[in-house]
Amino acid sequence: MKRILLTLAALGTALTMQAKVVLPGIFGDNMVLQQQSEAQFWGKAAPGKKVTIRPSWSTQGITANVGKDGRWRAAVPTPEAGGPYTIELSDGERLTLRDVLIGEVWLCSGQSNMEMPVHGFPNQPVEGSAEAIIRARAATPIRLCTVKRSTARTPQEECAAQWLKHTPEAVAGTSATAYYFARYLQSVLDVPVGVIVTCWGGTPVEAWMDRETMSGFKEFDLSFLDNPDQIDRPQYKPCGLYNGMIAPLVPYTVKGFLWYQGESNRPNPTQYRALMPAFVKMLRERWAQGGLPFYYVQIAPYRYDGPDAISGALLREAQLHNLKDIPSSGMAVTLDIGDEGCIHPAKKEEVGTRLAWLALSKTYGMKGIDADTPVCEKMEVADGKAYLTFTTGPDGLAPYGRTLTGFEMAGADRVFHPAAARIEKGKSRLIVACDAVPEPVAVRYAFRNVPEATLFNTSGIPASSFRTDDWEVK
């Protein structure tokens with residue numbers, strides 16, 4: 001009899017556990033929800049039941065019906081930034097989320113330069129990291145969530161993730177780029193900020209794209225996704241990281257996306273230029289929050305196949321063109337903060353700050369700085385000189401009064417020679433000249449793997465490497 005009672009008790013416990021509301025890993029204590037939004041909640045519960053969500057900031061509950069498949073979804077209206085709050089979810093048994101903040105939420109993804117933690121990689125430090133780590137305080141309303149590495153053949157509903165408070169230990173292990181972005185944003189907006197970091201070093205953009213999107217690129221063979229055999233190095237294959245590390249986050253309500261990636265697609269810059277708009281379109285469609293802003297980092301100078309080779313410049317060129325290819329986007333240029341000998345530059349605070357400037361000026365509407373990189377729009381030739389006109393803020397290019405190096409000029413023979421450039425006073429225009437090229441046809445700037453940055457806007461944002469020609473190069 002005792003054994004029967006124990007069995008019945010165990011069965012009752014199992015049924016109770018099965019009936020309890022289950023949330024995906026992206027939800028948890030310490031999380032941040034996007035302020036003044038319809039924050040998306042979803043999960044599982046017993047089929048046919050109702051799930052009631054009661055946030056402590058409201059006297060009204062939200063009810064969601066559980067489908068036959070055990071899934072439910074609800075939109076929870078959020079107030080202005082604040083907290084901490086609690087959120088109770090119940091289908092008859094209560095689940096409580098504690099210490100929830102309301103503020104700004106950004107999703108951060110990419111390869112190793114986004115993944116690089118504040119404490120750095122072995123033998124590769126992040127500049128100023130010790131100061132950032134030791135000064136971190138849990139009371140600062142910044143919350144950090146890192147998704148653990150995972151790949152899959154099909155889109156997954158679950159991932160391993162945990163929201164952490166702003167402690168020294170949490171800061172040390174968080175993406176430096178994402179952290180410095182969050183810290184800057186929080187200090188300026190004076191609201192809680194949460195960053196969700198999902199990244200994997202060495203991975204190409206196609207690994208972060210779903211099968212539907214990748215099916216439009218016929219040069220990729222996706223048949224391995226239907227093959228039960230073990231996939232060799234799945235993180236480098238199309239769709240694997242989307243399935244394991246992006247799909248489980250959809251559609252957690254966010255303000256926008258940050259992206260730092262490109263080094264692994266360097267061998268095929270033309271293909272990369274086509275992939276990136278498709279990738280961003282996919283993100284926006286999956287999140288279904290309209291044209292969410294997308295701010296990305298241009299890869300930094302690094303020697304690759306030699307400092308004077310141009311494979312890195314060609315990838316940067318593709319990223320520069322993506323500014324026009326991708327609506328509601330911005331690019332943080334790092335031409336002045338790379339490291340010829342290390343592919344993971346130490347100046348991550350500058351990267352996070354430049355991303356924050358883009359967000360603050362373009363998404364949050366703050367005025368007074370020119371956060372966008374200057375872009376060359378046209379070239380005109382007169383009197384043996386090339387005149388390059390740029391799109392910039394009202395204060396134009398900088399530094400005025402100096403001879404700018406890093407420029408090359410070619411005539412019809414397509415042979416490039418060093419050229420000198422100077423800023424035309426009162427205009428967003430450069431005058432470029434070279435005695436060896438009396439009839440200019442093309443101009444290039446910083447078009448090397450490891451160039452020197454000499455051209456900026458007046459807010460200190462460097463211009464990207466660029467060229468006015470489209471000649472075929474090796």
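Student: Hi! Which residue in β7 is the bridge partner of Ser90?

Tutor: Hello! In this predicted model, Ser90 has Arg94 of β7 as its bridge partner.

Student: And how do β6 and β7 pair, parallel or antiparallel?

Tutor: Antiparallel: strand β6, residues 82–90, and β7 are joined over six bridges. The hairpin of β6 and β7 has three residues between the strands, and Gly92 there takes a positive phi near 125 degrees.

Student: Nice. Which strands pair with β7 in the parallel sense?

Tutor: Strand β1, residues 32–34, is one of them, with three bridges to β7. Strand β10, residues 193–199, also runs parallel to β7, over seven bridges. Then there is strand β11, residues 256–260, joined to β7 by five bridges and parallel as well.

Student: Could you give me a residue pair for each? What is the partner of Gln34, to begin with?

Tutor: Gln34 bridges to Gly103 in β7. For β10, Val105 has Gly194 as its partner. For β11, look at Ser109, whose bridge partner is Trp259.

Student: Switching to cysteines. How many disulfides does the structure hold?

Tutor: Zero disulfides. Take Cys199: the nearest cysteine sulfur belongs to Cys108 and is 8.5 Å away, and Cys199 is in no disulfide.

Student: Is Cys199 buried or exposed, then?

Tutor: Cys199 counts as buried, because its relative accessibility is 6%.

Student: How many of its residues are buried?

Tutor: Eleven of the 15, so α9 is mostly covered by the under 20% cut-off. Among the buried ones are Leu314, Leu315, Arg316, Glu317 and Leu320.

Student: Now Thr213. Where does it sit?

Tutor: Thr213 lies in helix α6, residues 211–214. Thr213 is buried, because its relative accessible area is 15%, below the 20% cut-off.

Student: What does its side chain touch?

Tutor: The side chains of Thr213 and Asp210 are joined by a polar contact of 2.6 Å. Leaving aside neighbours within four places in sequence, Thr213 is in contact with Ala278, Met282 and Arg286.

Student: Last one: what is the mean pLDDT of the chain?

Tutor: The mean is 95, and 96% of the residues reach 70 or more. Residues 4–19 are a stretch to watch: the pLDDT there is below 50, and beyond near neighbours in sequence this stretch has six contacts in the model.

Student: Great, thanks!

Conventions:
Residues are numbered from 1 along each chain as its sequence is written. This is a predicted model: local features need pLDDT of at least 70, side-chain atom pairs count only at pLDDT 80 or more; totals for chains, interfaces and linings use all residues. Side-chain values use heavy atoms; hydrogens and water are left out. Buried means under 20% relative accessible area, exposed over 50%, partly exposed in between (1.4 Å probe, protein chains only). Helices (H or I, at least four residues) and strands (E, at least two) are DSSP runs, numbered from the N terminus. pLDDT is the predictor's confidence in each residue, from 0 to 100. Contact means heavy atoms within 4.5 Å. A polar contact is a pair of N or O atoms within 3.5 Å; within protein, one must be able to donate a hydrogen and the other to accept it, and residues adjacent in sequence count only if both atoms are side-chain atoms. A disulfide is a pair of cysteine sulfur atoms within 2.5 Å. Two strands pair if DSSP finds at least two bridges between them.
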